[in-house]
Amino acid sequence: MAGLALEGPNPDVDVLDGINGLAKDAPAWVNRAMEYIGEYGIIAGLAVLCLIAWWFARRRPDAPSAVAGLVWAPLAAGVALLANIPIRAFVERPRPFKDHAGLEVLIPGKSDFSFVSDHATLTMAVGVGLFIAHRKYGLIGIALALAEGFCRVYMGVHYPTDVIGGFALGTAVALLLAPLAQALLVPLTTAIGRSKAAWLAWLVRAPGVVVDGAGDGDGAAGRTGRDAEGGPVMAAGTAVPHGHKGRDKDLAA
């Protein structure tokens with residue numbers, strides 16, 4: 001397949017020229033910054049965002065489930081990139097700078113096919129995966145993915161439709177496979193939460209605890225569970241009510 005070429009006026013090329021034209025007029029340091037951000041920086045930022053989300057997800061009463069959702073975000077990106085391999089081979093669209101002279105290409109030498117953008121696919125899959133697990137972090141991730149798409153066109157290495165296709169592929173994989181991923185990952189993170197590596201899935205884990213309620217774990221209810229006999233178990237760092245202290249003293253006596 002030749003690669004999504006259109007006869008006559010081509011809005012895809014017009015948008016490419018408009019966005020890439022910004023690079024022609026920008027100072028050299030701006031283009032160097034955009035090159036780094038678009039090639040590595042945003043992906044690194046998403047990795048840090050995933051780590052921050054994981055760090056706080058372990059405090060939730062439903063921590064194993066929340067952590068499983070966060071694990072799915074980078075896994076979704078990997079699955080989406082694998083799905084893109086046959087798409088690129090089928091479409092066989094050349095990079096825009098090979099068909100359109102005069103572009104300001106910030107990263108020359110790319111010889112693989114253009115549709116769809118791996119960077120757009122990866123970042124949007126992570127962003128949507130984060131959104132499924134935690135809306136606040138997910139919105140930040142999606143915003144970073146949109147910025148990544150802009151950078152790829154600005155750098156002259158992708159058409160706008162390459163980026164849109166990547167966004168669609170990443171979103172589809174993250175959303176459609178999320179139920180299956182949760183079904184497989186939640187038992188895994190739950191088992192980890194019961195192991196010596198419990199800190200990976202649950203910041204506070206007492207043996208035999210079944211956590212009450214749901215929510216983000218910021219309140220007292222989120223910090224309290226029940227032991228195997230139905231008695232309350234307080235998370236580490238939580239003050240024990242006065243009545244419980246008095247009862248413990250009576251039992252000791």
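**Rings, charges and packed helices**

Q: Which residue lies over the face of Trp54, at 4.5 Å from the ring centre?
A: In this predicted model, local features need pLDDT of at least 70 and side-chain atom pairs pLDDT 80 or more, while totals for chains, interfaces and linings use all residues. Numbering runs from 1 along each chain as its sequence is written, and side-chain values use heavy atoms, leaving out hydrogens and water. A charge sits over a ring if NZ of Lys or CZ of Arg is within 6 Å of the ring centre and within 35 degrees of the ring normal. Over the face of Trp54 lies Arg58.

Q: How far from the ring centre of Tyr137 is the charged end of Lys136?
A: Here the charge belongs to Lys136 and the ring to Tyr137. The distance to the ring centre is 5.1 Å.

Q: Why does the pair of Tyr36 and Tyr40 count as tilted?
A: The structure holds 4 aromatic pairs (Phe, Tyr or six-membered Trp rings with centres within 6.5 Å; planes under 30 degrees apart are stacked, over 60 edge-to-face, the rest tilted). The ring centres of Tyr36 and Tyr40 are 6.3 Å apart. The pair is tilted because the planes stand at 50°.

Q: What kind of aromatic pair do Trp54 and Trp55 form?
A: Their centres are 6.1 Å apart. With 70° between the planes, the pair is edge-to-face.

Q: How are helices α5 and α6 oriented to each other, roughly parallel or roughly antiparallel?
A: The axes of α5 (residues 118-133) and α6 (residues 135-154) come within 6 Å and cross at roughly 170°. Axes are lines fitted to C-alpha atoms over the stretch in contact (heavy atoms within 4.5 Å), with angles from 0 to 180 degrees between N-to-C directions. Under 35 degrees counts as roughly parallel, over 145 as roughly antiparallel, 65 to 115 as roughly perpendicular and the rest as oblique. Helices α5 and α6 are therefore roughly antiparallel.

Q: Is Asn84 buried or exposed?
A: Asn84 is found in helix α3 (residues 63-91). Not counting residues up to four places away in sequence, Asn84 touches Phe115, Val116, Ser117, Asp118 and Leu169. Its relative accessibility is 1%, so Asn84 counts as buried.

Terms used: Helices (H or I, at least four residues) and strands (E, at least two) are DSSP runs, numbered from the N terminus. Buried means under 20% relative accessible area, exposed over 50%, partly exposed in between (1.4 Å probe, protein chains only).
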